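This briefing is intended for a reader who is meeting this structure for the first time. Please consult the sequence and the model below while reading the points that follow.

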Amino acid sequence: MIRFEDIQEQVLSYMPDADMELLRRAYVFSAMEHRGQVRSSGEPYLTHPLEVAQILAELRLDLTCVIAGLLHDVIEDTLTTREVLEEYFGKDIAHLVEGLSKISRIAFTSREEAQAENFRKMMLAMVDDIRVILVKLADRLHNMRTLEHLSPRQQQRIARETMEIYAPIANRLGMGKIKSELEDISLAYLDPEGYASLVSALEERRKISDDFITEIRTTLETKLQEQGIRCDITGRVKHLYSIYKKLRVQGIDVGQVYDYLAFRILTPTVKDCYAALGTIHSIWRPVPGRIKDFIAMPKPNMYQSLHTSVMSEKGQPFEVQIRTPEMHGIAEEGIAAHWKYKEGKKVKAGEDPNIQWLRQIMEWQQELRDPRDFLKMVKVELYPEEVYAFTPQGQVKSFPRGATPVDFAYSIHSEVGHHCLGARVNGKLVPLKTPLHNGDIVEILTNPAHRPSQDWLSFVVTSRARSKIRQWLNTDRRSSSIQLGKSLVERELKRFHISAKILHGDGKLTEALNSLGFPSLDDYYAAVAYGKVSVKQLVGHLVPETDWKEPTESKITTVVKKALGLSGAAVKVRGLDDVMVYLAKCCGPIRGEPIVGYITRGKGVSVHSQRCPNVERLLYDPERKIEVAWAGSKETKFQVRLNITSEDRQGVLARVTSAIADEKSNISDVSAKTFEGKQGQIILTLDISDLDHLERIVKRLRGIQGVHQVERQSG
């Protein structure tokens, strides 16, 4: 267990003038506030803040940060208030601790929503003071180190959250050491068998690896000294998760991974780094395509180094990383090594060019009302940006993997993106959805008359491009929605035999719009076009009900409603009574499965299953999303199409139809065909009551001898 004296000694080693009395007061305060509390391991709770403070001290962070580590849970887990902390320790420390507490002190209706909103808060706190996330990462690292004391379900949840959120944040901030440890521990809980197998396989090869590392290190030291290059060389096995990821991506086993060894060379100057690279290539043959110069083109997380992979005389490839000691400090500790806090001054993200991406993220989040969309967007920004492309003038731009010319266009300027008509990559015309690769020279072709397409949202990957496209589409759609809404209102008024002049009257119209929650007539028109409100609601405020002449529904209208599934609808729009509702044909949702409503212009609300692949594309505009719920009679039947792959053997079709009949479902359509290799396919359209009914049938069919696969078809 870490003692307070250990933290004190560590802080004094890099900050000899630090206020030790203030540090001791924080330790005593934390001990008093957490007295009687224990962790899941049975240890006193105080062990946790002590360990967090020690991690922060090992990162050589300022005294304010270390003290915040000692106190980080006192607001959340004790009766201490911000005011008390401010009185004892000052505004900066109280502000940091409160920022950490705000991240997790709120209740939500769903786990996904909670994670998304907590993440938004964390980003806001990071923009305000980057030290918030440094303390949070230290907190998460110690929690991961002691994860064995929690239940398997908690272990899985926390490990997955760490892998999806905290490890990428550490990586984005350049904190490679913490990122690697978080990933390795997470892997042990997310895939225990794979982790154990990898550890065992590497242990078997350790003796060979140790001998090889010693041999290569000796050769490197000798050759570099001959060239007058001072250096410090270390050899190691790459961290577990990076090897694990390679195994999964390439579909190979550990025996086929040869470049799992890496050497690190630290030299005094940048000139020595390049000289060392030349010397290495004169000894061993470099592997083509594996030379990377992150000194000339640093990664967005400030990482700088030269990388090369070479082949030894024994046919064993290995990687070499070459950098200066300063670059190494930033590679290991990132923003923690780069950042300098003078006299405890609070530093904001916008004040440093290395983390301006934080400020940009928070600007984008203002356009996204759904926190889950925000979480999805930020995850893209956090994962490594490994594609570097050039403008024709030689300006380098970095993007996430999978970025396209449209992403490139929006990185130049939003107007260039909006009017992007085509692109030349390395002098050749390419489709706009073509993925970019390292070293591509990209020229964007524009036309003032060209406009963004909704299809672009299906392939752009950067948050900037996505938010700018959505912004333009929303503005454009609103204009056309107002026109459509106006014509729908005028048409409906005519059906009620009411003059359209009431829409251009005096203050009575303004009063009616305000009571319905619309600031202007245009807002009301747009809402009508989206199906959010009916004309009746406005008419009721402007014309006495006694003057209404209810229209009779024509036979054509009745037929159209029936065709669209509007009569006797099994779905209710929450908060609205008289909105047209129909089930989307693309996914055919059935009672019992999660559904989402999408407001169309002029046709009411289309209801999709949440699993529908079209949902994300359709809901680029959060304003069109509306809550819907299953309603109506439970006797309503839904048509579902099943695709069954089976053996081509006698009696399979009979057993399938018999099983369906036993589950009291009607078959409205069936087709069967056979293929070479004694394979068969049966496509059925069934009448289903609800999701439970469907799941019973699918389970029954999968149990039939000769049936290989049963899948539900969409569309």
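The secondary structure of the protein chain comes to 29 helices and 21 strands, where helices (H or I, at least four residues) and strands (E, at least two) are DSSP runs numbered from the N terminus. The model is predicted: local features need pLDDT of at least 70, side-chain atom pairs count only at pLDDT 80 or more, and totals for chains, interfaces and linings use all residues. Residues are numbered from 1 along each chain as its sequence is written, and side-chain values use heavy atoms, with hydrogens and water left out.

**The chain as a whole**

- Of the 715 residues of the protein chain, 48% count as buried; buried means under 20% relative accessible area, exposed over 50%, and partly exposed in between (1.4 Å probe, protein chains only).
- Among contacts (heavy atoms within 4.5 Å) in the protein chain between residues at least 6 apart in sequence, 66% join residues at least 24 apart.

- Helix 2 covers residues 20-33, which is 14 residues, and its first and last C-alpha atoms are 20 Å apart. This is close to the 20 Å expected at 1.5 Å a residue, the expected span being 1.5 Å times one less than the number of residues.
- At the start of helix 2, a side-chain oxygen of aspartate 19 comes within 3.2 Å of the backbone nitrogen of glutamate 21.
- The buried residues of helix 2 are Met20, Leu22, Leu23, Ala26, Phe29 and Ser30.
- The axes of helix 2 and helix 4 (residues 63-71) come within 9 Å and cross at roughly 10°. Axes here are lines fitted to C-alpha atoms, for helices over the stretch in contact, and angles run from 0 to 180 degrees between N-to-C directions.
- That angle makes helix 2 roughly parallel to helix 4; angles under 35 degrees count as roughly parallel, over 145 as roughly antiparallel, 65 to 115 as roughly perpendicular and the rest as oblique.
- Helix 2 passes helix 4 in a right-handed crossing. A crossing is left-handed if the near helix is turned anticlockwise from the far one by less than a right angle, and right-handed if clockwise.
- On the helix 2 side, the contact is made by Leu22, Leu23, Ala26, Tyr27, Phe29 and Ser30; helix 4 contributes Leu63, Val66, Ile67, Leu70 and Leu71.

**Helix 10 with helix 11**

- Helix 10 (residues 152-172) and helix 11 (residues 176-190) have axes that come within 9 Å and cross at roughly 160°.
- With that angle, helix 10 is roughly antiparallel to helix 11.
- The crossing of helix 10 and helix 11 is left-handed.
- Residues of helix 10 in this contact include Gln155, Ala159, Met163, Tyr166 and Ala170, and those of helix 11 include Ile178, Leu182, Ser186 and Leu190.

**Helix 13 with helix 15**

- The axes of helix 13 (residues 206-226) and helix 15 (residues 270-283) come within 10 Å and cross at roughly 120°.
- This angle makes helix 13 oblique to helix 15.
- Helix 13 passes helix 15 in a right-handed crossing.
- Thr219, Leu220, Lys223 and Leu224 of helix 13 meet Ala276, Thr279, Ile280 and Ile283 of helix 15.

**Arginine 145**

- Arginine 145 belongs to helix 9 (residues 131-145) and is partly exposed, at 36% relative accessibility.
- Leaving out residues up to four places away in sequence, arginine 145 touches Ile55, Glu181 and Ile185.
- Arginine 145 and glutamate 181 are 36 residues apart along the chain, and their C-alpha atoms are separated by 9.1 Å.
- The side chains of arginine 145 and glutamate 181 make a polar contact at 2.7 Å. A polar contact is a pair of N or O atoms within 3.5 Å; within protein, one must be able to donate a hydrogen and the other to accept it, and residues adjacent in sequence count only if both atoms are side-chain atoms.

**Residues in loops**

- Threonine 391 lies in the loop between strand 7 (387-390) and strand 8 (396-399), and counts as buried at 6% relative accessibility.
- Beyond its neighbours within four places in sequence, threonine 391 is in contact with Lys397, Phe408, Ile441 and Val442.
- Most residues other than glycine have a negative phi.
- Asparagine 426, in the loop between strand 9 (420-425) and strand 10 (428-430), has a positive phi near 55°. Its relative accessible area of 46% makes asparagine 426 partly exposed.
- Lysine 664, in the loop between helix 28 (652-662) and strand 19 (666-675), has a positive phi of about 60°. Lysine 664 counts as exposed, at 72% relative accessibility.
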